[in-house]
Amino acid sequence: MFDQLNALPADPLLGLISAFQNDPSPTKVDLGVGVYRDETGHTPIMSAIKKAAKIHLDTESSKTYISPVGVPGFVSGVKKLVLSEQSAALADNRVAGLQTPGGCGALRIGAELLMRMKDDVTVWLSDPTWANHIPLLKSAGLKLASYPYFDKKTGAIDFEAMDTSLAKLGPSDVVLLHGCCHNPTGADLSYEQWQRVTERAVNQGFIPFVDIAYQGLGDGLNEDVKGVRLLSENVEEMLIATSCSKSFGLYRERTGSLLIQTKTAVQSNAALTHAQDAARASYSMSPAYGGYLVDLILNTPALRSEWEQEINTMARRVKSLRSGLLEKIQQRDIDKDFSFITSQKGMFTYLGITKEQVHRLRDEYAIYMADSSRINVAGLNTHCLDYVADALESVL
Ligand SMILES: Cc1ncc(COP(=O)(O)O)c(C=O)c1O
């Protein structure tokens, strides 16, 4: 039977990882994979996580299954982290929540839920979007389309084009929005633009599906969710996929959640039974470990404040690398305007250079990035900024 399967081409990003690892250059720089790195290039375990893990080790008394809904304190903690303690939808019990294997699991269970609607749902994705959105949603069977988002010439959002596209949508459409720190472009909606999108969702009845995987790594834990909160306050129904991979550094622990906001508490309970049913039909029971750690952090004041300080420090580091890189570029004889680097948010930036230039950076300077020229800003460090700027000057 399996002789029918021919090997698939290697995943380009995974290929980039092994090419980087095998590169003997002492000055190599990895700007490819989207994980946070410290000044030494390491992806550390946050100290609040280490402390929570010790507490958990001493207190966990069983490894029996938890339910498909996950760790209750995690789910309620994440709801408040994203929507705030004051959320009216939470007070009305209109938001169901389910712990999932990472943000990917949340996106996939959200997609399964949308597949259960009688309407022929279309999910609209920003152009460009995180590459994995497409297989995650498409393999559930959803119809996908895209709305214009990023203007490569300016390095900013083409909001007029996006708005014109949203103006045509209606109740059987779902619009996937990045809550903050847009991946891959780093270009985020301004508050005024979130207001416009909210008005459109309210008036036209399309459903927002917010993917929030970088809360705290842009402008701050509350700032980064202003748009999501605005939507939640104004629309009746929406979906939110959260991830603890970056914000808590829990990548391999696969910790995320799907939040489902509905019109009534009864509908929210019904939606949760469907989300649980979809989980049962796939991975069955929720992973527990990451959920327990995040529960401890969010609900223990000392751990929470330590975590908040850590994530603020991470965000500050990324911001200072952005301004550091821009400064070095501006000191060189480079015609292209890179000032968008400091107006974009989070870990990613599209450099907006050609594939040939990306390959020259890799082959001649051992600077690794995706062919699209998306860089992970956290992969830079204060010592390599001059080197990267010199290399850019040379290939441009
Ligand atoms: C935009 C976006 N959404 C969701 C995720 C999902 O992350 P995970 O499944 O690791 O929690 C990622 C991870 O890179 C992402 O960039």
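**Entry 1: strand β2**

I began with β2 and found it mostly covered, with six of its six residues buried. Buried here means under 20% relative accessible area, exposed means over 50%, and partly exposed lies in between (1.4 Å probe, protein chains only). Strands (E, at least two residues) and helices (H or I, at least four) are DSSP runs, numbered from the N terminus.

I noted the source too: this is a predicted model, where local features need pLDDT of at least 70, side-chain atom pairs count only at pLDDT 80 or more, and totals for chains, interfaces and linings use all residues. Residues are numbered from 1 along each chain as its sequence is written, and side-chain values use heavy atoms, with hydrogens and water left out.

Which way do the residues of β2 point? Val 95, Gly 97 and Gln 99 point one way, while Ala 96, Leu 98 and Thr 100 point the other way, and all are buried. Next I looked for a partner. β2 pairs with strand β10 (residues 256-261) in the antiparallel sense, over six bridges. Two strands pair if DSSP finds at least two bridges between them. Leu 98 has Leu 258 as its bridge partner in β10.

**Entry 2: Thr 100**

I stayed in β2 (residues 95-100) and picked Thr 100. Why does Thr 100 count as buried? Its relative accessibility is 0%. I then listed what Thr 100 touches, leaving out residues up to four places away in sequence; among them are Gly 105, Ile 109, Arg 254, Ser 257, Tyr 283 and Pro 287. Contact means heavy atoms within 4.5 Å. A polar atom of the Thr 100 side chain lies 3.2 Å from the backbone nitrogen of Ser 257.

**Entry 3: strand β7**

I moved to β7 (residues 173-178), which is mostly covered: six of its six residues are buried. Asp 173, Val 175 and Leu 177 point one way from β7. Val 174, Leu 176 and His 178 point the other way.

How many bridges join β7 to β3? I found three, in the parallel sense, with β3 spanning residues 122-127. Thr 122 has Asp 173 of β7 as its bridge partner. β7 also pairs with β8 (residues 207-212), in the parallel sense over five bridges. Val 174 has Ile 207 as its bridge partner in β8. I followed the chain from β7 through helix α8 (residues 191-204) to β8, and this β-α-β crossover is right-handed. That means the path from the first strand over the helix to the second runs clockwise, with the strands pointing away from the viewer.

**Entry 4: Ala 145**

I looked up Ala 145 in strand β4 (residues 143-148). Ala 145 is partly exposed, with a relative accessible area of 22%. Ala 145 and Thr 122 are 23 residues apart in sequence and 6.9 Å apart in space, C-alpha to C-alpha. Ala 145 touches Thr 122, Val 123, Trp 124 and Leu 125, not counting residues up to four places away in sequence.

**Entry 5: helix α2**

I finished with α2 (residues 47-59). This helix has 13 residues and reaches 19 Å from its first C-alpha to its last, close to the expected 18 Å. The expected span is 1.5 Å times one less than the number of residues.

Which residues of α2 are buried? They are Ala 48, Ile 49, Ala 52, Ala 53 and His 56. Seen down the axis, the buried residues fall within an arc of 135°, so they line one face of α2. The arc is that of the directions from the helix axis to the C-beta atoms. These buried residues pack against α11 (289-299) and α12 (301-330). The face of α2 turned away from the buried side carries the exposed residues Lys 54, Leu 57 and Asp 58.

Methods: Polar contact = N/O pair within 3.5 Å; in protein donor to acceptor, adjacent residues only side chain to side chain.
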